[in-house]
Amino acid sequence: MFFLYQTFLSIILLISPIIIILRIFKNKEDQKRFVEKFSIPSKRRQNGPLIWFHACSVGEVLSIIPLIKYYEKNNDVNQILITTSTLSSSKVLKKFKFKKTIHQFYPIDHFIFVNSFLNYWKPNISIFMESEIWPCMFHKLKHKGIPLILLNARITKKTFNRWLKFKNFTKSILNNIKIAYPQNKETKLYLKKLGFNNYSQIGNIKFAEYDDANQNLDKRLNLLLKNRKFWVASSTHNSEEIFFAETHQILKRKYNDIITIIIPRHIHRAKEIVSELQGLELKANLHSLRPKNLKNTDIYIVDTFGETKKFHKLSATVFLGGSIINRGGQNPLEAARYGAKILHGPFVSNFTDIYNLLKSNKISKKIYTATQLSKEISFKKNVQSGLKIKNIGEKILKKTIKVLDKHIFDELKKT
């Protein structure tokens with residue numbers, strides 16, 4: 001099975017130049033740094049111990065920021081490498097002014113590139129986030145004696161069913177992991193059913209909060225919004241924006257000055273969304289254009305990277321997208337930490353445990369129609385609910401650091 005997997009990747013590599021060009025054209029790939037995916041580094045490896053974190057995209061990257069800040073302060077750690085797979089994650093990381101930490105794009109999971117990557121970076125320990133499971137890399141890490149930890153592990157039902165079809169192959173991959181820390185009971189159960197028993201549950205690291213003084217709206221926009229009633233639809237997907245626009249039309253009958261802020265999951269869709277809204281006779285403004293005023297603005301579209309938190313901090317109500325259409329929903333914890341009322345559609349299978357917790361604390365509510373949504377929107381923050389989520393996050397972060405410290409510094413003692 002592993003041979004077939006590598007053969008398939010070898011075939012894909014033959015057409016990879018075409019794929020890369022198309023992705024650059026669609027603004028999904030860095031025009032210069034895409035070579036990092038072929039294990040051509042753009043940064044230097046410093047002498048001394050190196051900790052390697054791998055996260056797929058923005059959400060996973062933000063969840064490890066508290067850990068990165070903690071290890072940046074440790075004198076025993078010379079360098080921290082973060083790899084990710086998406087362009088958006090690299091842009092988010094640029095906003096943090098780390099001293100020891102560098103970013104590279106994750107290499108293609110082919111034995112040639114994996115060997116080259118590991119021979120150059122020589123990590124003392126590797127920490128992979130959530131559902132990032134790569135057969136070749138995992139095999140080579142074990143072969144080279146580099147401990148592999150799967151942190152905040154997440155396996156959805158869909159992923160489990162796919163892996164179950166190749167149970168022996170899956171088990172051989174998972175057995176390269178030193179230990180996994182599942183983020184929920186569902187993942188714990190799936191790991192066990194897949195034949196992997198070396199796991200321990202410490203909680204979901206996404207409950208933890210990273211502090212960043214730069215994550216505030218500029219004073220001008222802040223003032224403009226404070227003079228209006230507004231709510232946020234976050235991480236929205238194609239066709240969901242129409243649902244929120246219909247909600248806005250209903251709200252406008254009651255609140256003449258209402259603004260709906262839409263933060264699309266993929267910001268390259270912004271102009272497409274504007275066109276759709278024009279058909280409903282709604283005036284839209286793009287955040288990237290920095291409008292001087294919001295007069296007559298119905299929909300404010302956030303079409304820039306890494307600014308979602310700024311709006312979550314300010315809004316009293318946040319609807320999480322990917323839940324009206326069947327995409328499994330998006331993580332609501334960031335908005336919940338700031339005391340926002342969390343609203344979502346019926347499809348939240350990716351974060352079942354989190355939404356169950358929010359529901360039990362009367363922080364979230366499931367929405368089916370635009371009319372129902374318009375009735376549930378609040379303009380007043382719930383400070384107590386926010387503090388409750390923050391306290392849970394602080395406890396999980398402390399546990400996570402304690403666990404990682406043991407793994408990391410046990411390895412550093414060997415050098």
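Tutor: Start with a term. Two strands count as paired if DSSP finds at least two bridges between them. Keep in mind that this is a predicted model.

S6 itself spans residues 179-182 and is covered on both faces. Ile179 and Tyr181 are buried on one side. Ala180 and Pro182 are buried on the other.

Strands of a sheet pair through backbone hydrogen bonds, either parallel or antiparallel. Here 7 strands are involved, in the order S9-S10-S8-S7-S11-S12-S13, and the pairing is parallel. S9 (284-286) and S13 (364-366) stand at the edges with a single partner strand each, so one side of each has no neighbour in the sheet. On average, neighbouring strands are turned by 20° against each other, direction ignored.

Look inside that order. S7 is joined to S11 (residues 317-320) by 3 bridges, and these strands run parallel. Ser234 stands opposite Leu320 in S11.

Next, S8. Thr260 lies in this strand. Its relative accessibility is 0%, so Thr260 counts as buried. The side chains of Thr260 and Trp231 are joined by a polar contact of 2.8 Å. Leaving aside residues up to four places away in sequence, Thr260 touches Trp231, His248, Asp298, Ile299 and Tyr300.

H12 (residues 270-278) lies across S8, S9 and S10. Relative to S10, H12 runs at about 170°.

The other helix is H10, residues 219-226, whose buried residues are Leu221, Asn222 and Leu225. They cover an arc of only 105° around the axis, which puts them on the same side of H10. The general rule is that an α-helix has 3.6 residues a turn, so residues three or four places apart point the same way. Lys219, Leu223 and Lys226 are exposed on the other side of H10.

What covers the buried residues of H10? The cover includes strands S7 (230-236), S8 (259-264) and S10 (299-301), along with helix H13 (308-314). S7, S8 and S10 also belong to the open sheet.

Notes
Residues are numbered from 1 along each chain as its sequence is written. This is a predicted model: local features need pLDDT of at least 70, side-chain atom pairs count only at pLDDT 80 or more; totals for chains, interfaces and linings use all residues. Side-chain values use heavy atoms; hydrogens and water are left out. Buried means under 20% relative accessible area, exposed over 50%, partly exposed in between (1.4 Å probe, protein chains only). Helices (H or I, at least four residues) and strands (E, at least two) are DSSP runs, numbered from the N terminus. The arc is that of the directions from the helix axis to the C-beta atoms. Contact means heavy atoms within 4.5 Å. Axes are lines fitted to C-alpha atoms, for helices over the stretch in contact, and angles run from 0 to 180 degrees between N-to-C directions. A polar contact is a pair of N or O atoms within 3.5 Å; within protein, one must be able to donate a hydrogen and the other to accept it, and residues adjacent in sequence count only if both atoms are side-chain atoms.
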